[in-house]
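Subject: Structure handover

Hi there,

Here is the structure I promised to pass on to you. Please have a look at it first, and then read on for my notes.

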Amino acid sequence: MQGAQRNSLRLLQWMMVASLALPIALFAIASTISYTSTRDIADREIERTLDVAHEHALKVFETIDRSLSELNEVVRGLPDDVIRAREAVLHRRLKRLTDSLPQLKSAWIFDANGKALVNSLVSPPPELRFADRDYFYVHVDQTIGTFIGMPLTPRPPYQGARFFGMSRRRDTDDGSFIGVIQASVLPEYFESFYARIGSDPGSFFAMGRTDGVVVAHFPRLDRDLRLDPGGPVGREIAAHPTRGLMTIAWPSDGIERRIGYRRVAEYPIYVSAGLETSAIRARWYATMGQHLVFGVPATALLFLLLAFAFRRTQHLQMEAAKRREAEEALKHSQRLEALGQLTGGVAHDFNNLLTVIRASVDLLNRPQLTEERRQRYITAIADAVARAARLTSQLLAFARRQTLNPEVFDVGERLQSLHDMLATLLGPAIEIAMRLPAVPCLVNADASQFETALINMATNARDAMLGKGRISFTVEAAATIPDTPAHVSHNHIPGNPGFVVVTVSDTGVGIPAARLGRIFEPFFTTKQVGHGTGLGLSQVFGFARQSGGEVTVTSEVGQGSTFSLYLPRVPADLLPQQQAPNTAPAVAGSGMSVLLVEDNIELANFAADGLTALGYSITLVDNAADALAELVVGTDRFDVVFSDIVMPGMTGLDLGRAIRDRGIGVPVVLTTGYSQALSQEGSLGFDLVQKPYSIEELSRVLHHAARLRRVRDGAAE
């Protein structure tokens, strides 16, 4: 790593030397190219924007022009008296016109003296004359077609926004002047449109007459503006009357702009759009700023930037490490809080079990105890130990550290066999409905854990229904798991036949949406302290995940809940032949030699004493290394090795591997109550006895392992 860093620094030094002679020339060339490119891009943007503004203005003027022509046709040949008689109808027509065109403020029909015959604002119109307005008097002596006037202020009693007139002459069939039809157009309509399309900084729009009168302007002006035909703008338009592009200081504010202009068809109107040259230069400055940051090969600056980047990276890595530590601390705090919640449930249950054991032991120590009572106390102790083992099994199942004993069984048949027990567990007030498939649905899972999962789901449903209602159990095949998480593997079964889903539905109170995400958490429970450990559903969750499946839940408050347990399905030909359960008593040792490997001295003495009482010959060691040494001294001395898995240094699994790898022909039996390595790797083919175990169970497993060895070696039983 240090050599690579030195090489990088040496390369940077050569780059700095080579870059000293080039930065000024490169910067000058890049500046020229960038400015030309930026200006060309701005010109294209101006042209595109001008296209939009021109098209908009053309459509507006054509629409108004058509409307004026239609009005002219409506009143053509009608004397003023007839128009006054129809004023109410014509007023409504003009009002509909102005309401439909947002660019219009009002529409008018004037007589030959400039008096309003009809307008769209009021009916009837006031006795006012408008012969002094440009939109009227320009038509008196000649026919000029459509006229566009200059911005005007409404005459009292009319008020509101400023406008400019767009008008046409009314004449008789012989060409005599009889009045004007006029529409008041709102400049602010155009200015609002320009504000919408001119969002870039420095945007500019204007619309003006051919004589230089500006009728709309963006940014908006607080005064009237008329351009001098002999000024710079007028001379440019005179030289190129149809369209053009120029850089000029605009007369209203003196700001230099890049402006494009275009005449609106046959109308005496120009529209223009542009950008402030300062805005164009700002774009160029931004581009050159990027060149300065990334393109100027200033070697000293480059070195400092790289050093800064290195320090910044180190700082970020340190910050990231601190965040991870903080997150771990938070998770640890949450786990501690969960353990605190567990105290009221698990501690309560364990104390009950310990109380039974302690009381039974005290009673066994009393003198003159009858055989019947002694047997009853011993049975109570055994039952308490079994319940404690089931509780720890639930904890390990959620943590996915429980070593499962999978077997192939029919889910429907197993569920049917639990019917009577479920009926007793749930009580007479709960109706049980089962819908089972006609064909076997086989899974390869721990049958005991499966039954526990069903009981836990049923118990949860019973509590949700407050002991009264209906629970439905359904078994069916499923091709996939809906919304399958990434952890679920489907490749462990040849042919991937899908899943068997067991659905448990209740008619209970339902689960609020806010709690759905927590119901499978360890120790989460809504029951009072001491009335539950919160391990029921977490056992279902752990069993499903460890078996390669999943558990899902859907619920609606007041409508009950549905839990679905998915387990990988196996082909029907994998179902083994039914065997009678093994209920044989303890097997005598008859001198069988056992190498017992256990680091817990109390447990080792218990196993040794029990096996010795049955006639086994016991050699006790407390670690795997000493066990290997005993085997090396004399392999034939032992019939079987019985070893704990969790031990300091070499584990029982390591010991079994070493015996197998060295070719020592002594069978190995392992035991554990918890082993992460065993849950991940399995028992590697060795026989396994789960803690807590009885001497009877242990003797049968040891005798079976030793007998198989004798059969393989050809010895007589």
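Let me start with a pair of helices: H17 and H18 are roughly parallel to each other, since angles under 35 degrees count as roughly parallel, over 145 as roughly antiparallel, 65 to 115 as roughly perpendicular and the rest as oblique. Before going further, please note that this is a predicted model, in which local features need pLDDT of at least 70 and side-chain atom pairs count only at pLDDT 80 or more, while totals for chains, interfaces and linings use all residues. Residues are numbered from 1 along each chain as its sequence is written, and side-chain values use heavy atoms, with hydrogens and water left out.

**Two helix pairs**

The axes of H17 (residues 624–633) and H18 (residues 652–661) come within 10 Å and cross at roughly 25°. Helices (H or I, at least four residues) and strands (E, at least two) are DSSP runs, numbered from the N terminus. Axes are lines fitted to C-alpha atoms, for helices over the stretch in contact, and angles run from 0 to 180 degrees between N-to-C directions. On the H17 side, the contact (heavy atoms within 4.5 Å) is made by Ala 624, Ala 627, Leu 628 and Leu 631, and on the H18 side by Leu 655, Ala 658 and Ile 659. By class, these are seven nonpolar, no polar and no charged residues. Here Ala, Val, Leu, Ile, Met, Phe, Trp, Tyr, Cys and Pro count as nonpolar, Asp, Glu, Lys and Arg as charged, and the others, Gly among them, as polar.

Leu 628 of H17 is worth a look. Its relative accessibility is 7%, so Leu 628 counts as buried (buried is under 20% relative accessible area, exposed over 50%, partly exposed in between, with a 1.4 Å probe and protein chains only). Leaving aside residues up to four places away in sequence, Leu 628 touches Met 650, Leu 655, Ala 658, Ile 659 and Arg 662. From Leu 628 to Leu 655 it is 27 residues in sequence and 7.5 Å in space, C-alpha to C-alpha.

The other pair is H12 (residues 419–426) and H13 (residues 447–464), whose axes come within 10 Å and cross at roughly 35°. Met 421, Leu 422, Leu 425 and Leu 426 of H12 meet Ile 455, Ala 458, Thr 459 and Arg 462 of H13. That contact has six nonpolar, one polar and one charged residues, and the crossing of H12 and H13 is right-handed.

**Salt bridges**

The count comes to 29 salt bridges, each a side-chain nitrogen of Lys or Arg within 4 Å of a carboxyl oxygen of Asp or Glu. One of them joins Glu 47 and Arg 243, with the closest N and O atoms 3.4 Å apart. Glu 47 lies in helix H2 (residues 23–75) and Arg 243 in strand E8 (residues 243–249), so the pair ties together parts that are 196 residues apart in sequence. Glu 47 is partly exposed at 26%, and Arg 243 is partly exposed at 44%. A network of salt bridges links Glu 47, Asp 51, Arg 243 and Arg 262.

Arg 170 and Asp 80 form another salt bridge, at 3.9 Å between the closest N and O atoms. Arg 170 is buried, at 1% relative accessibility, whereas Asp 80 is partly exposed at 23%.

Happy browsing!

Definitions and conventions. A crossing is left-handed if the near helix is turned anticlockwise from the far one by less than a right angle, and right-handed if clockwise.
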